[in-house]
Amino acid sequence: MKCFVAPLQGFTDDLFRRAYADIYGKPDCFFTPFIRVERGQLRVRDVRGITSELNQGLNVVPQIIFRDTDEFDMLVSRLREAGSDRIDINMACPLPSTGPQRTRRWNASPARFSRYAQRSPVGN
């Protein structure tokens, strides 16, 4: 059986991941809280959280949420630069704090997203 640790916004940061792994052992994967674009850039704390030395030796998968293809491209490019080789794409978080405008477009048209993802730099 595989064990994945899901994020809890505001709690499951790099320090939490390291402490959890040291106390309970390493799970198969830690998913990050949502990484998103604000004011045209990735949030500084998100970048710091995924590039932290506390993540060394841990399988950390960034979870992204985005409004449009520009944000998607920016997130994928920056995460690749930070050393990530995979991402978790959130298509429809039910929490009001994520803002329905971030997911409505993709949730309404999974086929559209699929076509876009095939041409994106994700797998290249």
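The protein chain holds five helices and six strands, where helices (H or I, at least four residues) and strands (E, at least two) are DSSP runs numbered from the N terminus. Read from that terminus, the order of elements is β-α-β-β-β-α-β-α-β-α-α. The model is predicted, so that local features need pLDDT of at least 70 and side-chain atom pairs count only at pLDDT 80 or more, while totals for chains, interfaces and linings use all residues. Residues are numbered from 1 along each chain as its sequence is written, and side-chain values use heavy atoms, with hydrogens and water left out.

Of the 124 residues of the protein chain, 38% are buried; buried means under 20% relative accessible area, exposed over 50%, and partly exposed in between (1.4 Å probe, protein chains only). The chain exposes about 7,700 Å², of which carbon and sulfur atoms supply 52%; accessible areas come from the Shrake-Rupley method with a 1.4 Å probe, and for residues only the protein chains shown count as cover. Among contacts (heavy atoms within 4.5 Å) with a separation of 6 or more, 73% join residues 24 or more positions apart.

An open sheet of four strands has the order S1-S2-S5-S6, with parallel pairing. Strand S1 (4-5) and S6 are the edge strands, each with a single partner strand, so one side of each lacks a neighbour in the sheet. Two strands pair if DSSP finds at least two bridges between them. The pairs are tabulated below.

| Strand pair | Bridges | Residues opposite each other |
|---|---|---|
| S1 and S2 | two | Val5 and Phe30 |
| S5 and S6 | two | Ile64 and Ile89 |

From S5 the chain passes through helix H3 (residues 69-81) to S6, and this β-α-β crossover is right-handed; that is, with the strands pointing away from the viewer, the path from the first strand over the helix to the second runs clockwise.

Strand S5 (residues 60-64) is mostly covered, with five of its five residues buried. Val60, Pro62 and Ile64 lie on one side and Val61 and Gln63 on the other, and both faces are covered. Helix H1 (residues 14-24) lies across S1, S2 and S5 and runs at about 165° to S2; axes are lines fitted to C-alpha atoms, for helices over the stretch in contact, and angles run from 0 to 180 degrees between N-to-C directions.

Most residues other than glycine have a negative phi. Arg39 counts as exposed, at 82% relative accessibility.
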